[in-house]
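Biologist: I would like to go through some labels used for this structure. Please set each one against its definition.

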Amino acid sequence: VAAAAPGTYLVEAVENPHLLKSVFLPGMPWEAGQSIFEAMRAENVTWYRCPNGHLYSIGECGGPVLRTRCSHPGCNRVIGGVSH
């Protein structure tokens, strides 16, 4: 396996972890949705969850003015409402 070849980054990290003291290791955010939420914090957005728990947002006043379907793959549950 190429990752286990001598001299590769992975092998060096395992065999010489002290070398990682001054190295920045980028990582994944603990939840992708959290990154989106943080990016939209400055916007006037209200967050809701569909009946299956998937996040969706409504802008402007945050009140639903129509019904639609959740766009999460395989969900298709009704979200939103009327007469906000």
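Biologist: Why is N76 called partly exposed?
Modeller: N76 has a relative accessible area of 46%. Buried means under 20%, exposed means over 50%, and partly exposed lies in between, with a 1.4 Å probe and protein chains only as cover. N76 is therefore partly exposed.

Biologist: What kind of model is this, and how are residues numbered?
Modeller: This is a predicted model, in which local features need pLDDT of at least 70, side-chain atom pairs count only at pLDDT 80 or more, and totals for chains, interfaces and linings use all residues. Residues are numbered from 1 along each chain as its sequence is written, and side-chain values use heavy atoms, without hydrogens and water.

Biologist: What makes E60 exposed?
Modeller: The relative accessible area of E60 is 67%, so E60 is on the exposed side of the cut-off.

Biologist: What is noted about the phi of E60 and of N76?
Modeller: E60 has a positive phi near 60 degrees and is not a glycine. N76, also not a glycine, has a positive phi of about 65 degrees. Most residues other than glycine have a negative phi.

Biologist: How do you know that β1 and β2 pair?
Modeller: Two strands pair if DSSP finds at least two bridges between them. Five bridges join β1 (residues 45-49) to β2 (residues 55-59), and the two run antiparallel. The strands therefore count as paired. The bridge partner of V45 in β2 is G59.

Methods: Helix = DSSP H or I, 4+ residues; strand = E, 2+ residues; numbered from the N terminus.
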